[in-house]
Amino acid sequence: MRALVKYAEGKGNIEVRDVEMPKINKPDEVLIKVHACGVCGTDLHILNDEFKSYPPVTLGHEFSGTIVETGTSVTKWKKGDRVVCEPFTGVCFRCETCRRGWVHVCEHKRSPGWGINGAFTDYVVVPDIFLHKIPDNVDNVTAALCEPLAIVTHEVLERGEIGPQDFVAVIGSGPIGILAAFAAKENGASKVAVIDKASGTALRLPTAEKVGADYIFNSDDLDAAKAILDITGGKGADLVVEASGAQGGIDLAVNTVKKLGTITAVGIPSSDRISVRWGDLIKKVATIRFNLSSSYTAWDRALSMMSNTKRDLSQIITHRSSIEDWKQVFDDLIAGKGVKAMFIP
Ligand SMILES: [Zn+2]
Ligand SMILES: [Zn+2]
């Protein structure tokens, strides 16, 4: 079968190759026929060697599929079940982090798509413990949005603890920012503003508006912090979702969060050192919560949102492509000419 493979460490070193069909090796594993697999910012970082991978490895971790074979100890799942999969393969279940329920940040994690072979191909093998059933009314391609939606479910609902009435400011309009706006609105936020630079105005900000944002702001064009203070009667945002990882975005988060408000941080900065106006945060008695990956509980919540929403989430999918066209797809995403791309085998 054909697969998009990172074949060696270093910049680039990605190509479509013929690989062997994976086999079930352990009794708790299932073989899945892949329906769709989303291209994530992580994949672009792997291309540039900015995110660790274990080559040779098939990329792709945001997938949906149907079970075609089950290992001997698998009882909960059967052939024909449509599923999505938490990318938490390799976690130890024994360290303090795992024992406290935070398996998604276990240091032993080796996710499909960078730690073990992933789903930019036809078939993938994973342990059954990480599977979740796709609701009947969610189509196969939209279901592949579950992983990024679980990330924002964790950051906005579980870590950000939004409630009815909350004003939410989302900084950055990539797939995570757009899905954060969606999740906030689905869960009772009064108003959601999504802010990005001029590069987001052609495609990304309008997409955020389509799936739930009440306001979209181009921060190159106006003073976004002032705009949010104006809307909130001078108070500021109850919750700020920092999904840009950029210095300007982090400054805006500090300026925008209300007194006693919360910043939930998910954007990964390009440099580990970022300047933060610490004193302002102390004076605001603000809370910052950092996030990485998605929790176990976020997956069924994300699937429930997908199943029950009246909004059309599939609007964020701009590419339905073959892995043979991966170069063009990656280039489009890097150039901002796409929001979420799916590889369909
Ligand atoms: Zn991802
Ligand atoms: Zn662990």
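**Briefing: a two-domain chain**

The C-alpha centres of domain 1 and domain 2 lie 28 Å apart. The domain bounds come from an automatic or database domain assignment. Domain 1 covers 2-133 + 312-343, and domain 2 covers 149-290. This is a predicted model: local features need pLDDT of at least 70, side-chain atom pairs count only at pLDDT 80 or more, and totals for chains, interfaces and linings use all residues. Residues are numbered from 1 along each chain as its sequence is written, chains are lettered from A and ligands numbered from 1 in the order in which they are written, and side-chain values use heavy atoms, with hydrogens and water left out.

- The contact (heavy atoms within 4.5 Å) takes 13 residues from domain 1 and 12 residues from domain 2.
- The two domains bury about 1,000 Å² between them, 73% of it on carbon and sulfur atoms. Buried area is the accessible area (1.4 Å probe) that two parts lose on being put together, summed over both.
- On the side of domain 1 that touches domain 2, there are 5 nonpolar, 5 polar and 3 charged residues. Ala, Val, Leu, Ile, Met, Phe, Trp, Tyr, Cys and Pro count as nonpolar, Asp, Glu, Lys and Arg as charged, and the others, Gly among them, as polar.
- Between domain 1 and domain 2 the count is 0 salt bridges. A salt bridge is a side-chain nitrogen of Lys or Arg within 4 Å of a carboxyl oxygen of Asp or Glu.

**Overall fold**

- The chain has 11 helices and 16 strands. These are DSSP runs numbered from the N terminus: helices are H or I with at least four residues, strands are E with at least two.
- The radius of gyration is 20 Å, which agrees with the value near 20 Å for a compact globule of 345 residues. It is taken over C-alpha atoms, and the globule rule is 2.2 Å times the number of residues to the power 0.38.
- Along its principal axes the C-alpha trace spans about 60 × 40 × 40 Å.

**Salt bridges**

- The count comes to 18 salt bridges.
- One of them joins the side chains of Asp 18 and Arg 2 (3.5 Å, N to O).
- Asp 18 is in strand β2 (residues 14-18) and Arg 2 in strand β1 (residues 2-6), 16 residues apart.

**Backbone exceptions**

- Most residues other than glycine have a negative phi, and most peptide bonds are trans.
- Pro 55 and Pro 56 are joined by a cis peptide bond, with omega about 0°.
- Pro 56 sits in the loop between α1 (41-47) and β4 (57-58).
- Gln 165 is not a glycine, yet has a positive phi of about 85°.
- Gln 165 lies in the loop between α4 (146-159) and β9 (167-171).
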